Each structure stands twice: as C-alpha cells, then as structure tokens.
Amino acid sequence: MLIERRIHLPALASSAAEARRAARSALTEWDLSALYDTVSLLVTELVSNGVRHAQTQLELVLTLDGSCLRIAVHDGDPRPPVARQRQELTVGGWGLALIDSLATEWGTNIDDGFGKTVWLEIDTSDLQLASGS
C-alpha cells in the first residue's frame, strides 16, 4: 500500500524546519519514529540545498511503499546537484556525502524545462518487522 505526504515550501531558510515537522508527523503516523533523527537530517539537507542552490519553490514528497521510505524534493532548477571537493576543516558542503552514507539509494531526475527532483530511499523492512507492521 502506497502512502504519501506532500508539502509545498518557499525558498526560505525556515522551510527546512517546516519540512522536518512534516516529516516527523508522517513518520509518527506511519509508525517509523525510530527514523526521526536520520530523516530529519536528510530532509534538512535536501531542503536546504534546494533553498540555497535552486532558489525556487520546493515540493517535499514523503512516500511509504511497503518497506521503502522515499523522500524527494522537487525544485525549479534543472541543474543537477554537484558534490564539492572537501577540505579537511571547511564548513559546509557535506550534504551529498551525508545523503550517500545514510540513504539506501539516492539520485536525481532532471525534468528539462521544469527543474529536478533529488530523491533518496531508506529501507524500512527491519523497522516494520520489529514493530509488527
């Protein structure tokens, strides 16, 4: 069964906090509260990157389909995300590395003329088995 939650967000720094609240609400409703910290971090990275780089309205889509939680952020900028070269003590630029290490899978879909969607997936099968869902 597919369950989905969508939220439109302006290109403002405060949108990351609004996105975290929406994600926590969905996780509570879907009995996935064990993922609060990880999903909060990942949602913050996706939304903050959209605000910082795309500077367009965003749409956050959270989807639970069986044992897969998918988090996607659509923006109006068709340029794909680019991982920056990291220097040992620099601040910022860790977003894609965090996403790569915490998500089961992630990617970008480019929709020419309409922007892009950066998405990630988290395998929830172990959590759902433990909760009996």
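Predicted model: local features only at pLDDT ≥ 70, side-chain atom pairs only at ≥ 80, totals over all residues.
1. Arg5 touches Ala22, Ser25, Ala26, Glu29, Trp30, Leu60, Val61 and Leu62, where residues up to four places away in sequence are not counted and contact means heavy atoms within 4.5 Å. Arg5 is found in strand β1 (residues 2–9), and at 21% relative accessibility Arg5 counts as partly exposed; buried here means under 20% relative accessible area, exposed over 50%, and partly exposed in between, with a 1.4 Å probe and protein chains only. Between the C-alpha atoms of Arg5 and Ala23, which lie 18 residues apart along the chain, the separation is 8.5 Å.

2. Residues are numbered from 1 along each chain as its sequence is written, and side-chain values use heavy atoms, with hydrogens and water left out.

3. As to the overall layout, the secondary structure of the chain comes to four helices and five strands, and from the N terminus on the elements run β-α-α-β-β-α-β-β-α. Helices (H or I, at least four residues) and strands (E, at least two) are DSSP runs, numbered from the N terminus. Of the 133 residues of the chain, 40% count as buried, and residues 24 or more positions apart account for 63% of the contacts with a separation of 6 or more. The chain exposes about 7600 Å², of which carbon and sulfur atoms supply 53%; accessible areas come from the Shrake-Rupley method with a 1.4 Å probe, and for residues only the protein chains shown count as cover.

4. Helix α1 (residues 15–29) and α2 pack at an angle of about 145°, with their axes 9 Å apart, and their crossing is right-handed. On the α1 side the contact is made by Ser15, Ala16, Ala19, Arg20, Ala23, Arg24, Leu27 and Thr28, and on the α2 side by Tyr36, Val39, Ser40, Val43, Thr44, Val47, Ser48 and Val51. The residues of this contact divide into nine nonpolar, five polar and two charged. Axes are lines fitted to C-alpha atoms, for helices over the stretch in contact, and angles run from 0 to 180 degrees between N-to-C directions. A crossing is left-handed if the near helix is turned anticlockwise from the far one by less than a right angle, and right-handed if clockwise.

5. Ser15, found in helix α1, is buried, with a relative accessible area of 0%. Apart from residues up to four places away in sequence, Ser15 touches Leu9, Pro10, Val47 and Val51. The C-alpha atoms of Ser15 and Leu58 are separated by 9.0 Å, although these residues are 43 apart along the chain.

6. α2 also packs against α3, at an angle of about 145° and with their axes 10 Å apart, and this crossing is left-handed. Thr38, Leu41, Leu42, Glu45 and Leu46 in α2 meet Gly95, Leu98, Ile99 and Leu102 in α3. These contact residues divide into six nonpolar, two polar and one charged, where Ala, Val, Leu, Ile, Met, Phe, Trp, Tyr, Cys and Pro count as nonpolar, Asp, Glu, Lys and Arg as charged, and the others, Gly among them, as polar.

7. Within helix α3 (residues 95–102), Gly95, Leu96 and Ile99 are buried. Seen down the axis of α3, its buried residues fall within an arc of 95°, so they line one face of the helix; the arc is that of the directions from the helix axis to the C-beta atoms. What covers these buried residues includes α2 (36–54), β4 (105–111) and β5 (115–123).

8. Two further buried positions deserve a look. Leu35, in the loop between α1 and α2, counts as buried at 10% relative accessibility and, leaving aside its neighbours within four places in sequence, is in contact with Leu27, Ser40, Leu69, Ile122, Thr124 and Leu127. Thr63, in strand β2 (residues 58–65), counts as buried at 11%, and with the neighbours within four places again left aside, the contacts of Thr63 are Leu2, Ile3, Glu4, Trp30, Cys68, Leu69 and Arg70.

9. Backbone geometry can be checked at two loop residues. Phi of Asp31 is near 60°, a positive value in a residue other than glycine; Asp31 lies in the loop between α1 and α2 and is partly exposed, with a relative accessible area of 43%. Gln55, in the loop between α2 and β2, has a positive phi of about 55° although it is not a glycine, and Gln55 is exposed, with a relative accessible area of 61%.
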